[in-house]
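Hi,

Here is the structure I promised to send over. Have a look at it first, and then read on for my notes.

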Amino acid sequence: MTIDVTRDVFKLAQVFTISRGSRTEAKVLTVRVTRNGITGWGECVPYARYDETLDSVEEEIRGLPSDVTRAALYDLLPAGAARNAVDCALWDWEAKSAGKRVWELAGLAAPGPEITAYTLSLDTPEAMQAQAAKNAFRPLLKIKLGTPDDMPRLEAVRAGAPKSRIIVDANEGWSAEVYADLAPHLVRLGVQLVEQPLPASQDEALIGMERPVPVCADESCHDRASLPGLKGKYDVINIKLDKTGGLTEALALRQAALAEGYKVMVGCMVGSSLAMAPATLVAQGAAVVDLDGPLLLAEDRDHALCFDDKGVHPPDAALWG
């Protein structure tokens, strides 16, 4: 088997800003594994928040033995972007080799469309209200926040999209005091979920704190090993394949989290349809789905995922799986 890694850049439709910074393009790594004339592929998005760079992740992938299997990956790479791209590429290769879809190999029911959130970038209240009004037809909006001055933004988005369901992502940007002050207003404005309000290193403050709106662990939850540290702090976990290290662990994490009483959100980094395709399988029946990466791009892969009023659809075999 050969493992090839290439770098791809996708321009964003507009500047994308969160509490940690802004970007105008999505830089991804594309992995192709080839054996017996069959090629499977996957994509990952290295994330600086987890000390990943394009160089470091590419080095991890190129260091793998050519005969690597999905099972062996767990001993060779930690949870993260590198393992994700290879794991998903191997799933794709296995499906193509067997002449079946990935969900058949995984013992899952055939997937269907799921309503996905659409993300509004962090900006001025006026700009966010305009974004909200432009996307008010969407059933679920996700607001990027994470500053001490977020109330005007919340009010502006609700004014711009009075009928949409809203979830909020603070990206670790609030203190316990800011979150406590905002919580009653989140309820008043009909916010249905708040993602990672506090830094992962400070989320002990959530223990015993009133949570009138369900709180979701994102940066605090990577794989099954994260679950013991979430007790008493969170109601929901956000599963992202670039955190879990692939579809294999994502499916296992979903099962373990549900067994422990958590609800599940399935999210993404900003990547192409190839990165979202495996996540659509994990997203089946999730409480919240946030797989809007391709909607934020100005360009995408061939055979891109379909997004319509039913939500994000599972991939065609021509794309993945």
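How many cavities of 30 Å³ or more does the count come to? Please keep in mind that this is a predicted model. The count comes to 1 cavity of that size, and the space inside the largest cavity is about 90 Å³. Its lining is made of 14 residues, and Leu241, Asp242, Cys268, Met269 and Ala275 are the ones nearest the centre. Two elements, α8 (241-244) and α10, each supply at least two residues of that lining, with α10 giving the most, 3 residues. By type, the lining of the largest cavity divides into 8 nonpolar, 3 polar and 3 charged residues.

Next, the open space. The largest pocket holds about 560 Å³. It is lined by 28 residues, and nearest its centre lie Ile18, Arg23, Val45, Tyr47 and Val270. The elements giving two or more residues to this lining are β1, β2 (21-35) and β5. Of these, β2 has the largest share, with 5 residues. The lining of the largest pocket divides into 11 nonpolar, 6 polar and 11 charged residues.

On to the nonpolar cores. The largest one has 78 residues, and those that touch the most other members are Leu154, Val168, Trp174, Tyr179, Ile237, Leu247 and Trp320. Helix α10 (residues 273-282) gives the most to this core, 7 residues. That helix is also the one that gives the most to the lining of the largest cavity. Another core, of 20 residues, lies apart from the largest one and has Val33, Leu54, Ala81 and Leu90 among its members.

In α5 (residues 125-134), the buried residues are Met128, Gln131 and Ala132. Seen down the axis of α5, these fall within an arc of 100°, so they line one face of the helix. Glu126 and Lys134, on the other side of α5, are exposed. The cover over the buried residues of α5 includes β1 (2-18), β4 (118-120), β5 (140-144) and α6 (151-160).

Helix α6 has its own set of buried residues: Arg153, Leu154, Ala156, Val157, Arg158 and Gly160. Leu154 is the one you have already met among the residues that touch the most other members of the largest core. What covers the buried residues of α6 includes β4, α5, β5, β6 (165-169), α7 (176-188) and β7. In other words, α6 is part of the cover for α5, and α5 is part of the cover for α6.

Not counting residues up to four places away in sequence, Asp203 touches Leu198, Ser220, Lys233 and Tyr234.

Happy to talk any of this through when you have the model open.

Best wishes

Note on methods:
Residues numbered from 1 in each chain as written. Predicted model: local features only at pLDDT ≥ 70, side-chain atom pairs only at ≥ 80, totals over all residues. Heavy atoms only, no water. Buried < 20%, exposed > 50% of the residue type's maximum accessible area, 1.4 Å probe, protein only. Helix = DSSP H or I, 4+ residues; strand = E, 2+ residues; numbered from the N terminus. Arc of directions from axis to C-beta. Contact = heavy atoms within 4.5 Å. Core = buried A, V, L, I, M, F, W, Y, C linked by side-chain atoms within 4.5 Å. 1 Å grid on protein atoms, 1.4 Å probe; cavity = no way out; pocket = protein on both sides within 12 Å on 5 of 7 lines; lining within 4 Å. Points joined across faces, edges and corners; volume = space filled by probe spheres on them. Nonpolar A, V, L, I, M, F, W, Y, C, P; charged D, E, K, R; others polar.
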